[in-house]
Amino acid sequence: MNIPQNLQYAHSKISDVIDFPKPGIIFKDITPVLQDEKAFNEVLDDLAKHLNGANKVAGIESRGFIFASALAYLNKKPLVLLRKKNKLPGKKISQKFKLEYGIDTIEVHKSSLNKKDKVIIVDDLIATGGTALASAKLIKKCKANISAFIFLIDLFDLLGNKKLQSNGYKTFKLINFPGH
Ligand code: AMP
């Protein structure tokens, strides 16, 4: 696989956990990246280049928060939290989405976004794209615009990135892996 020179060390730190959290899943563990300053800096330095004209950075709970907050800080932009159900205290807007088994909900404070905003949506990983597409719907319910998505990892054969692109979204992904 073609790994960009500037991300080779970080790539080597991402580990596979087989059958976690359930049989058949290869879980991509990014904790070794976070725990190694060289790997973490490699990722954040690359991430910081991809704001794509956004005036706000939105992170998807929970590992998306780590990268979204760094992207916001490094570009001097505000951070918006896209949270799981019933975590936000204020008035909020919600979007349901399908999981493999069952339904999940993602929420944002109503006051976080408006029609003048251009938002970059950040998560640690894209697999089927369900979470990312629900996040896009949520941002649109707030009448805000989407500048792009950015992911540390794309499990490319699960086709989430392709789904976002075919819906007209620009995407950046730093490191590609097969998901199976
Ligand atoms: P999806 O909605 O299928 O694109 O799944 C993306 C979300 O689930 C992200 O927030 C990831 O953190 C998490 N996720 C899905 N698959 C994996 C995996 N194999 N390893 C680690 N996290 C995953």
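A contact here means heavy atoms within 4.5 Å. Among contacts in the chain between residues at least 6 apart in sequence, 58% join residues at least 24 apart. The model is predicted: local features need pLDDT of at least 70 and side-chain atom pairs count only at pLDDT 80 or more, while totals for chains, interfaces and linings use all residues. Residues are numbered from 1 along each chain as its sequence is written, and side-chain values use heavy atoms, with hydrogens and water left out.

The chain has 6 helices and 9 strands (DSSP runs of H or I, at least four residues, and of E, at least two, numbered from the N terminus). Its radius of gyration is close to what the globule rule gives for 180 residues, so the chain is as compact as a globular protein of that length; the radius is taken over C-alpha atoms, and the rule is 2.2 Å times the number of residues to the power 0.38.

| Property of the chain | Value |
|---|---|
| Radius of gyration | 16 Å |
| Buried residues | 46% of the 180 residues |

Buried means under 20% relative accessible area, exposed over 50%, and partly exposed in between (1.4 Å probe, protein chains only).

Helix H4 comprises residues 63-74. Its buried residues are Gly-64, Phe-65, Phe-67, Ala-68, Ala-70, Leu-71 and Ala-72. Helices H2 (31-34) and H3 (37-47) are among the elements that cover them, as are strands E3 (56-60), E4 (79-84), E7 (118-126) and E8 (145-155). Just after H4, Lys-76 has a positive phi of about 55 degrees.

Notes. Expected span 1.5 Å × (residues − 1).
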